[in-house]
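Reader: Before I rely on any of the labels attached to this model, I would like to see each one set against its cut-offs. Could you take me through them?

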Amino acid sequence: MNGAAGCAEPNVLRSCLPNPTVGAVESLGARVLTGEVRAAARACRLVDDRGQGYRELLKELYPHTLRAFWIGITGSPGAGKSTLGARLVQHFRSQGRRVGVVAIDPSSPFSGGAILGDRIRMQEHFEDPEVFIRSVATRGAQGGLSRSAVDIARVLSAWGADVVLLETVGVGQDELEVAFAAHTTLVVMAPGMGDGVQAIKAGLLEVADVFAVNKADLPGAASTAADLEQMLSLGQEPAMASAGHHGYSHAMPMGQERAAEDAWRGTGKQSFRPPVVTCVASLGVGIQEVVAALEEHRIWQQTSPEGQLARLARGRQALLNTLRDEAARVVLERHAVELEELVGLIEAGRLDPYSACERLLAAAAALLLR
């Protein structure tokens with residue numbers, strides 16, 4: 001039984017080092033680096049729960065996480081993301097590559113539970129020791145990824161995955177977080193899912209590095225692909241301000257954003273144009289073409305000046321996300337009383353939330369400077 005199924009067993013979950021010592025965390029990290037599945041499962045659980053010692057574990061693993069190729073998979077519900085993801089796993093395994101999958105499922109706002117449906121859709125890979133599938137719930141996080149998805153992907157990279165698939169929840173058009181996490185973002189679409197322009201106008205066009213029109217055996221697939229090509233032709237030049245990965249422009253300082261645009265104009269080339277590939281994932285048709293498009297973007301990002309800027313922007317966003325999470329943690333852990341007092345003042349109309357935020361930041365800064 002591979003890591004995904006092992007993580008689902010209650011006895012394994014209870015043994016995931018809820019209060020590990022420093023030595024236990026170091027031992028766990030060393031075992032993850034040897035490729036031990038059970039250790040990777042425990043590390044994933046520790047990171048997902050933000051258990052004691054998880055940051056020390058991630059610090060130990062990070063130098064070993066940079067080799068894997070991260071592919072984000074997003075798109076509307078019903079487009080076939082999980083089916084296509086399973087086919088990609090099958091393809092990479094046929095090449096002898098170890099694969100990690102981080103599949104995000106939405107949490108119920110009432111019970112907090114999640115279906116974790118990818119365990120069902122990818123069960124053909126459960127017995128493969130070279131495939132690690134980790135399903136996690138969003139736990140209220142927005143943007144298509146869970147709070148811990150990126151850190152779990154790092155654990156799987158350190159475990160030895162050559163490729164890590166990050167599949168978003170598929171809730172709509174604003175799943176932009178995956179663009180800041182994955183090296184390459186694959187947007188999956190299907191014919192017959194509503195107006196073609198409506199489907200791509202609110203963010204997915206900017207997020208995508210590769211488009212896969214799935215279910216290409218259905219009527220309307222050719223027109224869906226043609227609509228995408230037309231929209232890309234109309235929007236390609238303005239998108240260059242993002243320096244490669246269309247969603248990155250607002251993560252860059254103005255100087256680098258201008259440098260990216262100057263580099264583009266100097267070479268006479270536009271930004272990487274997302275290829276549009278058709279496939280039928282349920283039949284395994286077109287998978288080679290999808291993989292070729294993903295590899296094309298990977299090579300472009302590694303070798304072009306724009307790709308270098310995109311990588312820098314992704315690293316900057318990762319640091320900002322960590323800084324945001326840690327700042328919130330410090331406030332919640334060390335200033336809980338002040339926070340509740342300020343909430344009461346805001347509710348009573350005696351204080352605005354902006355001034356309250358300034359007070360909390362000042363208190364946190366004073367504590368750090370002691």
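Author: Strand 2 (residues 99-105) runs parallel to strand 4, and five bridges join the two. This is a predicted model, in which local features need pLDDT of at least 70 and side-chain atom pairs count only at pLDDT 80 or more, while totals for chains, interfaces and linings use all residues. Residues are numbered from 1 along each chain as its sequence is written, and side-chain values use heavy atoms, with hydrogens and water left out.

Reader: What makes strand 1 and strand 4 a pair?

Author: Two strands pair if DSSP finds at least two bridges between them, a strand being a DSSP run of E of at least two residues and a helix a run of H or I of at least four, both numbered from the N terminus. Strand 1 (residues 69-75) and strand 4 have five bridges in the parallel sense, with Phe 69 standing opposite Val 163 in strand 4.

Reader: Why is strand 4 called largely enclosed?

Author: Buried means under 20% relative accessible area, exposed means over 50%, and partly exposed lies in between, with a 1.4 Å probe and protein chains only. Five of the five residues of strand 4 (residues 163-167) are buried, so the strand is largely enclosed by the rest of the structure. Val 163, Leu 165 and Glu 167 point one way and Val 164 and Leu 166 the other, all of them buried.

Reader: Why do Phe 272 and Trp 300 count as buried?

Author: Phe 272 has a relative accessible area of 9%, and is therefore buried; Trp 300, at 14%, is buried too.

Reader: And why is Asn 321 called buried?

Author: Asn 321, which is found in helix 15 (residues 305-334), has 18% relative accessibility and therefore counts as buried.
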